[in-house]
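Take a walk through this fold, from the whole chain down to single residues. Keep the sequence and the coordinates side by side as you read.

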Amino acid sequence: MADTTFGPKGWTPERLGDLGGKTYLVTGGNAGAGFQATRILLTKGAKVVMLNRSAERSRAAVATLRAEFGPQAEVDFIRMDLSDLSSVREASAQILAAVPRIDALIQNAAIAQVPTRQLTKDGFESQLGTNHYGHFLLAGLLFDRIEESAGRIVVVASLGYNMGLKTIKFDDMNWDSGYGANAAYSQSKLAQMMFAYELQDRLAAAGKTSVEVYVCHPGSSATSLINTSGGPLSKLIFRLMTMTPMVQSAEKGAYPEVMCATEDGLLQRALYGPTGRMEFVGPVGKGTLNPHANDKAVMTRLWSISEAATGFTWPL
């Protein structure tokens, strides 16, 4: 049954109140849904710090936003490459020095459908290393600041978690054999979701109720994700899909992450996103969360492996 919590049109930015005095961090905020999320937050007076790999594109995004909202718009960026853990550590140090409060860390950035197996600087399969390990470390390094701010961690997942193995390939997480672009991407997004749900459990066990953790997905949205990292076939298929009603705008794709960063009364053990056809498009609300994303044994093992891989032990 479709979620009607927010009415027949679902959640929209019309529900937002004044966000003056609040600060949001958005990874991958210079394009696609991340850029649109930044725009929406700025319309309500929030401060947004984008965490992006490209300084050039970030400066262009800031200039575009200040042209729209005026030179007083509180938007800036810190360069960070999620695929390089040393870059994540350096960016986190800059954030802690420059950003006194974090009302939400929106983990929006991702790479997808990388056509041939690649490794990050730290030796991880590129999609797992970028999408999961980079964000795992970032959230951990910033956790104390988020907790001090009674803030949120928003994980932007993907319906791709329902594809592939539907679990973590612990015997070969780097896909030394049998690499598939979609399978590896699916594992990386499932890993992100499992991180969020395991974090929820650990926060509850530690009695740390001031931090909320939410998981959402943008549905099928016309962003630059596939064009940035996908292969020729993936790009062609997605280009054809954008000509159909099965793909919505990047702005609508940003609604779930903005909702999870701002809306009160949401369920944490949930997956928010479009609730229309195949949950690709349509009104935003609580969608379908399939059980394999909540496999406790897998979640716990993944957490331990992620701490070892990143060299970071969470303060929980």
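The protein chain has 9 helices and 8 strands. Helices here are DSSP runs of H or I with at least four residues, strands are runs of E with at least two, and both are numbered from the N terminus. The model is predicted: local features need pLDDT of at least 70, side-chain atom pairs count only at pLDDT 80 or more, and totals for chains, interfaces and linings use all residues. Residues are numbered from 1 along each chain as its sequence is written, and side-chain values use heavy atoms, with hydrogens and water left out.

Start with the overall dimensions. The C-alpha trace of the protein chain spans about 50 × 45 × 40 Å along its principal axes.

Next, surface and interior. The protein chain exposes about 13,000 Å², and carbon and sulfur atoms supply 52% of this area. Accessible areas come from the Shrake-Rupley method with a 1.4 Å probe; for residues, only the protein chains shown count as cover. Of the 316 residues, 56% are buried. Buried means under 20% relative accessible area, exposed means over 50%, and partly exposed lies in between (1.4 Å probe, protein chains only). Among contacts between residues at least 6 apart in sequence, 76% join residues at least 24 apart. A contact means heavy atoms within 4.5 Å.

Now go to strand S2 (residues 47-52), the place of Leu51. Leu51 is buried, because its relative accessible area is 2%. Beyond its neighbours within four places in sequence, Leu51 contacts Leu25, Val26, Thr27, Gly28, Gly29, Ile78, Met80, Ile95 and Leu138. Leu141 is 90 residues from Leu51 in sequence, and their C-alpha atoms are 14 Å apart.

Leu96 touches Leu141, Leu142 and Arg145, with residues up to four places away in sequence not counted. Leu96 counts as partly exposed, because its relative accessibility is 33%. From Leu96 to Asp144 the C-alpha distance is 9.7 Å, across 48 residues of sequence.

Move on to the loop between helix H4 (126-148) and strand S5 (152-156), which holds Ser149. Is Ser149 buried or exposed? Ser149 is buried, because its relative accessible area is 13%. Setting aside residues up to four places away in sequence, Ser149 touches Pro100, Arg101, Ile102 and Asp103. Ala150 is in this loop between H4 and S5 too. Ala150 has a positive phi of about 50 degrees, although it is not a glycine.

Another positive phi belongs to Glu279, near 60 degrees, again in a residue other than glycine. Glu279 is found in the loop between strand S7 (272-274) and strand S8 (284-286). Glu279 counts as buried, because its relative accessibility is 16%.

Helix H8 (residues 250-262) carries Met259. Met259 is buried, because its relative accessible area is 0%. Not counting residues up to four places away in sequence, Met259 touches Phe6, Trp11, Arg152, Leu266, Tyr272 and Val284. Lys9 is 250 residues from Met259 in sequence, yet their C-alpha atoms are 14 Å apart.

Last, the empty spaces. Rolling a probe the size of a water molecule over the atoms shows where empty space is left. On a 1 Å grid over the protein atoms alone, a cavity is a set of points where a 1.4 Å probe fits but cannot get out; a pocket is an open set with protein on both sides within 12 Å along at least five of seven lines; lining residues have an atom within 4 Å of a point. Grid points are joined across faces, edges and corners, and a volume is the space filled by probe spheres set on the points.

The second largest pocket has a volume of about 260 Å³. It is lined by 17 residues, and the closest to its centre are Lys22, Arg152, Ala261, Thr262 and Asp264. The structure holds 1 cavity of 30 Å³ or more. The largest cavity has a volume of about 50 Å³. Its lining includes Tyr161, Met163, Lys166, Trp175 and Leu190.
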